[in-house]
Each structure stands twice: as C-alpha cells, then as structure tokens.
Amino acid sequence: MVRALQAWSSRSCVTSSRRREGGTDRRLRPLVGLLVVAATLVTLASLKVILAPTPEAAAPDAATLVTLTFMIAVGTFVKARVRVRSTVHLISWSEAAIVIAAAIAPIPWVVICTCVGITLASIRLPPIKLTFGVSKNILVAAGTGLTFTMLGWNWPTMHAPQLVAILAAAYLSAALLDEALAIPVIALASGTKVSSQFRSNLDLRLAGYGVRFLVATCTLVILQAEPRLLLAVPPLVLSLHLAYSARIRGRTEQQAWQRLARTTDALNVVDLDEVLTTAVTQAAELFSADEVEIELRDGTRTVRGGTGGITFDGPTGTPTDVDGTIVPTPLEGHDRSVDVGVLRLRFRGPVQLSEREQYTLRTFASALCTAVRNAQAYAELARVADEHAYAAAHDALTNLANRRHLLDQGTEQLSARHADGVTALVLIDLNHFKEVNDTLGHAAGDQVLVQVADRLSRAAQPSDLVARLGGDEFAVLLRGLPAPAVAAHRAEALLAALHEPFELDGMRISVEASGGISVAPTSGGMAELLRRADVAMYQAKRAGLRISTYAPTRDTADLGRLTLGGDLPRAVADHEFVVNFQPIVDLGTGEVTSVEALARWHHPTHGMIDPLRFLEAVERSGLLPAFAEAILDQALIAAGSWRDAGFDVPVAVNVSPRSLLDARFPGSVLARLRAHDLPPDRLVLELTETLTLSQLDVVDQVLSRLREEGVRLALDDFGTGYSSLSLLSRIPVHELKIDRSFVTTMESSAEAAAVIRSTLDLGRSLDLVVVAEGVESEPQRRALWELGCVAGQGHLFARPMPAGILLAALQRGSGGRPGALAAPLHDAGAVIRLSQTRRQGGRTRLPHLPA
C-alpha cells in the first residue's frame, strides 16, 4: 500500500495537511466515522462467527494466527519513506500481507488478525488516524476474503493456473478497495481534488501493486509446497520491500533533481518580477511550504506567496499571517561573495528538512541569486537604455521634446493615412533673449527657458507636442485641428501664456516672443513644415507682429536670408556695409535739423540689402561690435564732412539693444567721437523700444554714462511696444520718434491721431523733442505742425541717400535757402520762438509754435 496512511502517519501529515490540522480533522470525522461503523459491523460479524464455530471458520493453529498477525503488523509498520515533490510518501506492504492472510485463513480470523496487527503497528498515531487505518484495513481484509469465497478459493488444493487467476482477482479487489477508501480521505486532508489525487503518482502505485502481487503469489506457492515455510515469509517480504523501496527512492530522488533543474531553468528570465513570481510559486511546490518569502537585500522590497501565486509585494517589514517554522536561506552565490537577499520557507507546523532537502534548498537559493542578479543587471541596462533613448529625444534642460523627436513625431503624424484633422506647427522665438544671458548669466537664462517651457506645456492641448529646438527657439506641433484657421487661435493662446513677466531671483523679467505658423503641406513632409514655420516667424519679426502665418508670396526673400549668415564675416572684413542718410527737418521752416544714418549691405551678388533682412543675423553671429563700429565710423565721417562744408548738423545712429548690454560700448562710442574730432552732442543714438530694456540695470548704467558725456538719446518707434511709459521713467532720452504707422493713418484713424497728440503732450511735459517718422505728404506735414510737432522725416523731404549726395542737396537748398529741403509753412516773422528752460538738465530748446 503506497498511500493508505501517508497523509497522517509521519511528516506527510505535516507537509500535506499541516495548514489544515484543526479544521480539516473536523471535516474528516464524518467520513472516518462511516468507515469505523462499517469496520465495527464487520468485526462484530466476524466475532459472532468465531464464537459460534462452523467447519468453514475453524480456527487455524496459534502459530499461524501469530504469524499472520505479525506479518500484517510488519507490513504496516515497516515503511519506505519516499519524497515526491517534497511530500513524504510512505510505501507499506499491508495489503499484500492481508491478501496472503485471506488466502490461507478463514475470513473472520483474517479480520481479527488485521485488526490486531494494524493496531499494534499504528499504536503511536493520533486516535483519528489510528481509527482510520484500522477501519480501512479491516474493510480491505473483509472485501478480499469475500472475493476469494465468491471465486471458489480452495486452499491449499488449488492448481497453479487457477491459484494465480483467483489470487489476481482478489489482489485487484484489495487494491481497488484500498484506493477507494484511502483516496477521498487523503484528498480531503490535503485539500486537493479526488481525481487529481487518484492520478498523482499512479505509475508508482501500479508498479508497487505489481511487485507486491508477485511477492504474494510466490509466497502462496511456497506455502502450498511447505506450510512450515510461513515463518520465512516476513523476512522475505521485508527484504523485497527494502529492495523495492530503495529502487523507488532512487527514482523519486531522480525526479526531485529533474524537478529542481526545471525550476532553475524557469528562473532564466530577464524580468525581475517574473523571476520573483516564478521563484515563490516553484519553491512553494518544491518544498511544500505554506508560504515562501523573498526579501531583497536593498531592504525596499519583499515578495510573498505560495503555489497559487503572489499574495504580497511591498516594502520590507510588513508582517505575515503564517506562524510556525521558518527556514531561512541567504541568496548568495556558490562562492558566497554575493548576497542579494534572503529566501524564507514558512510552515504552519513543526518541520525539519532532510539533508537532501537542505542541499536542494541551497542549490535553489544559489540559482535564484544568479537569476536575481541577472534580472537586476538587465533592468539596469534597460533603465540606462531608456534614459539614453529619452535623452536622445528630449531636451536636457526643459525635458521637452527636442528637434529630433519633433521631426520623428511630425513625420509619423504626416505619414498616417487616416490622420484625423489638420496638422500645423507653431515656431516660437524669444526676442532679445541674449540680453538676459549676457547680463544676468546663463544660469538665469536657463531658469527663464525652463519657465517658458512650463508655460507652453500648460497652455498646450494634450494632443500637442511641445519641443525646444535649441537656444531660445521652441515649437509646438498641433495635431487633429478641425480647420487650418484654428491654428492661429491656438498660437495666440500659446504666446499669450508668455505675456506675464517671469519671476527670477526676486526680479520680474518680461520676455517678448515672435511666432510663425505653418499648416502641413501636401508634399515635403516635416522638414518643409518646419522650414515654413521658420519663414513665417521671421516674417512676423520684420513686420513687427507677434504672430504670422506662412505666406508663400514672401518665401523667396526668406530663402535668401537663410544664405546671408555665412557671408557676414566677409562683409565686415571687406567693408560691404554702407550708410545712407535721411535728413530730419523742421516742419515749419523746412530746414534740416539732423540726419539719421541708415545701414545697407552692398552685397556683391544680391545687390543692396535692407537691414531688416540681415540685422537679426548680425546680432546672432557675434559680429555686432565690429558692425556697429563700422556704421558709427561712416556716420561720424559724414558728419565731419558736412561740418567742414558749413552744415553742423547732428547725426543719428540706430543702436542694437544688445550693444547696450556691453559695458564697453560707451567707451567705444566716445573713442570714435574723439577720433573724428566731433563733440558728443553731435551724435544721437536711437534706441529701439524693447520689453527687456527697462528690466536690466546694465542698460541704465550704459545710457547714463553716454548722456553724462553729452551724447543725445532718442527713443525710436515710440508707442508700438508694451512699456513705452515705463521706459521713459528709466531711460534718460532727449527725443521721441513717433512711429510711421501712426503718421500714415492719422488722417483716417482717430486712434492714431490720439496717440500722436498724447505723445506730443508728453513731450512738452517732459521737455523732449518729438520727431514724426514717415511724413509722405504736405497735408500730413501741416497737420503735424498744427498739432505742435517740431520735426519730421520722410519721403516728402528726402529719401535715404549717400553722404555726398545729401551734402549737395544741402548746398543747393530749397528756394535758394541752403540747408533747407522744403518751403516754409509760414512767412518770416509769423512764428515767434520762445525760449524755455528745460526741467531736465538745465538745457533749453526752441519749440516752433504756430502763429
């Protein structure tokens, strides 16, 4: 018998049912009770037959009864301990002894011998297990004897063929009855299905039954020849039992090592979670543990579970509900130089692993250590690879997508056959951002870029892709737009997010930005979409707009601009930059009061190039100081030539805001004035209004020094920026220049006229000279003069011209008046000049007032 008492008689009780000792025994009692009732009835019936003897139930001699009892007891008591899946299986020969007894003795006496023999062999077991074992074997003995009787067994006169046939049938009935009575009890005790329990180790059980049947047959044949050899049967059975048990044990040992090999092979995966899950479930089955726990050495993760899977995966220190025996094993390599954690087997009852199990556990722990190390190494490699992939696709400073990622995502979007909606790109460039870096340092500039990235990300839609292309240039890929026109509204919202000043170390920094919009083209892909957005952005910069949509009609000029950057070093070295001059005249008298220098690039291939096309490239190239000195030199040379000819008029030169961020700029300007022997008040520096000027202390220092030295300052394009009034409170200018856009529309726009009127009032209140730009007609000249505007410039008086041509025009004059370029608006003496003391600096100016 392989499984009759294996679940309760030894450690199998611990390994198969230790987690069920209390509740399971209570569930087993009804089933065991039925067996006890049946066995009791059989025993009582046997005693009744024995007490009322009949010829069929005549008592054998005492030696036979003792031998049979002893044989049954030995067959039950002496068991081979075989582990299958770390569960102890007890192989006994009790059913073979019962079959032999039933073959040579009457059924009632076999029942009594079985009862006594099983009781003696199992006396140390708990009562319920002893009762089960005795009852089951009594029923097996009764069933076997009944089979012999029904088949006409007649011992010892049977012929060999008939003996073997009937014995086989009786042994089969004994085996089936043993399985039928034992398997339900074992299944309930171990918590498994009856069908699973029946299939478990079926080959092992069948082989055992076959060997024991052969032993029973040989025994009966020997006894038939010589009954006195019955005493030799127990030693023979014991010897065969031990030999068979050794063979079975060897087989199960081999199976155990094969199972260990398969288990360690299952650990050869690169995912750490899968390694831990496999280790927990396999170890629970391999060692029949109630719970398996793996604690990693980093102290941050513990995994627990059983054959059913993971029950806990979390931080170390969380208690478990499994109390009892704990078998810990360090997860270390064979050389014990690496320790990645600890493996713990938990049992609810007392357990002591055998020597083989301990070695198996150490081998499993070593394999698990290797698997964990490999998985951790792979995870680290994967993490590094992911970081590299992320870094390759994202900007390190802002964590936005970079140019490469934008191009990849845009290409994927444009190549999708069923892409929903319209795809567009918004390119955003921060104006004058270099001033922040040059003045406050690159660390401050980086903070501004991070804040810009954050605002753009929050203003974008979830479907948009925000990217930083480099420097101060950003892009937003708009996907799934319902119509192309929506792109402009979305772009407005993006740039509006940058309108509020940025907080930077206690300072409030305002940043202007220009944006270009392009809608996905029918051909050219993402590269063409990006190029068009870039063209649109520079169209916005030149037009003084915040946002511009790509216009194909202006694309040719932009393509030419892209090629000019490489020609700048040669242009500076070969003096290709020239200066034309446009006079500023007294609106009342027509006399020239000053001259503005306007730079032009005389390109050998493209001809004369307007500054709007190359100034941005000059500022970005690093050639700004050399360019500024070249223009200033030409302007001062021209002013000197006019003075020598009798026309001592100041010359105005436009200054890049980036030049004002250079603390060396005032010294360079004053040095050029001394070199050309001109007084500082003969130079007017025209400043372009920008948001950042009023925020930077270095600009105040530069302008203050220039003013203190006598250089005059003018604020160009007044009224077009965001901070005109705040600039006047910080920058000590002498003149205001009204932007030509207001002059052009003053006759048709009440708003433009109001701006001009308020600027003139502001100039009078601050004692500043006000110059109107873009005067194109006599009605404009007269209207400005009647509003109180002193000076103006525009095509009405003269277009920009070289210095020599302007000198000739001054000498020729207008109406025979040298130095005048237009007829006066009034007769001589019609206007009275009143001297006013300037409230700033104590200087005077002579405003022209209408008579």
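Arg-781 lies in helix 27, which spans residues 778-787. The model described here is predicted. The relative accessible area of Arg-781 is 1%. Buried means under 20%, so Arg-781 counts as buried. The side chain of Arg-781 reaches the backbone oxygen of Ala-823, at 2.7 Å. Ala-823 is also among the residues in contact with Arg-781 once neighbours within four places in sequence are set aside. That list includes a run of residues from another part of the chain: Asp-586, Leu-587, Gly-588, Thr-589 and Gly-590. It also includes Val-775, Leu-796 and Phe-797. Ala-822, Pro-824 and Leu-825 complete the list.

Leu-34 gives a contrasting case. This residue is found in helix 2 (residues 21-51). The C-alpha atoms of Leu-34 and Phe-132 are separated by 9.9 Å. Along the chain, these two residues are 98 residues apart.

An open sheet is built from five strands in the order 9-10-8-13-14. The pairing in this sheet is mixed. Strand 9 (465-470) and strand 14 (547-549) form the edges, and each pairs on one side only. From one strand to the next, the twist averages 20°. Strands of a sheet pair through backbone hydrogen bonds, in either a parallel or an antiparallel sense.

Strand 10 (residues 473-481) runs antiparallel to strand 9, and five bridges join the two. Within this pair, Leu-465 stands opposite Leu-477 of strand 10. Strand 9 and strand 10 form a hairpin, with two residues between them. Gly-471 sits in the turn and has a positive phi of about 60°. Strand 10 also pairs with strand 8, in the antiparallel sense, over seven bridges. Here Ile-428 stands opposite Phe-474 of strand 10. Eight of the nine residues of strand 10 are buried, so this strand is largely enclosed by the rest of the structure. Helix 15 (residues 442-459) lies across strand 8 (422-430), strand 9 and strand 10. The helix runs at about 10° to strand 10.

Two further helices cross. Helix 13 (residues 403-415) and helix 17 (residues 525-543) pack at an angle of about 115°. Their axes are 8 Å apart. The crossing is right-handed. Helix 13 contributes Arg-403, Leu-406, Leu-407, Gly-410, Thr-411 and Leu-414 to the contact. Helix 17 contributes Gly-525, Met-526 and Leu-530. By class, the contact has five nonpolar, three polar and one charged residues.

Strand 21 (residues 735-738) has pairing partners of its own. Strand 20 (residues 712-718) runs parallel to strand 21, and three bridges join them. In this pair, Ile-738 of strand 21 is the bridge partner of Phe-718. Strand 21 also pairs with strand 22 (residues 769-773), in the parallel sense, over four bridges. Leu-736 stands opposite Val-770 in strand 22. The residues of strand 21 point in two directions: Glu-735 and Lys-737 one way, Leu-736 and Ile-738 the other. All of these residues are buried.

How values were computed
Residues numbered from 1 in each chain as written. Predicted model: local features only at pLDDT ≥ 70, side-chain atom pairs only at ≥ 80, totals over all residues. Heavy atoms only, no water. Buried < 20%, exposed > 50% of the residue type's maximum accessible area, 1.4 Å probe, protein only. Polar contact = N/O pair within 3.5 Å; in protein donor to acceptor, adjacent residues only side chain to side chain. Contact = heavy atoms within 4.5 Å. Pairing = 2+ DSSP bridges. Axes fitted to C-alpha atoms, helices over the stretch in contact; angles between N-to-C directions. Left-handed = near helix turned anticlockwise from the far one by under 90°. Nonpolar A, V, L, I, M, F, W, Y, C, P; charged D, E, K, R; others polar.
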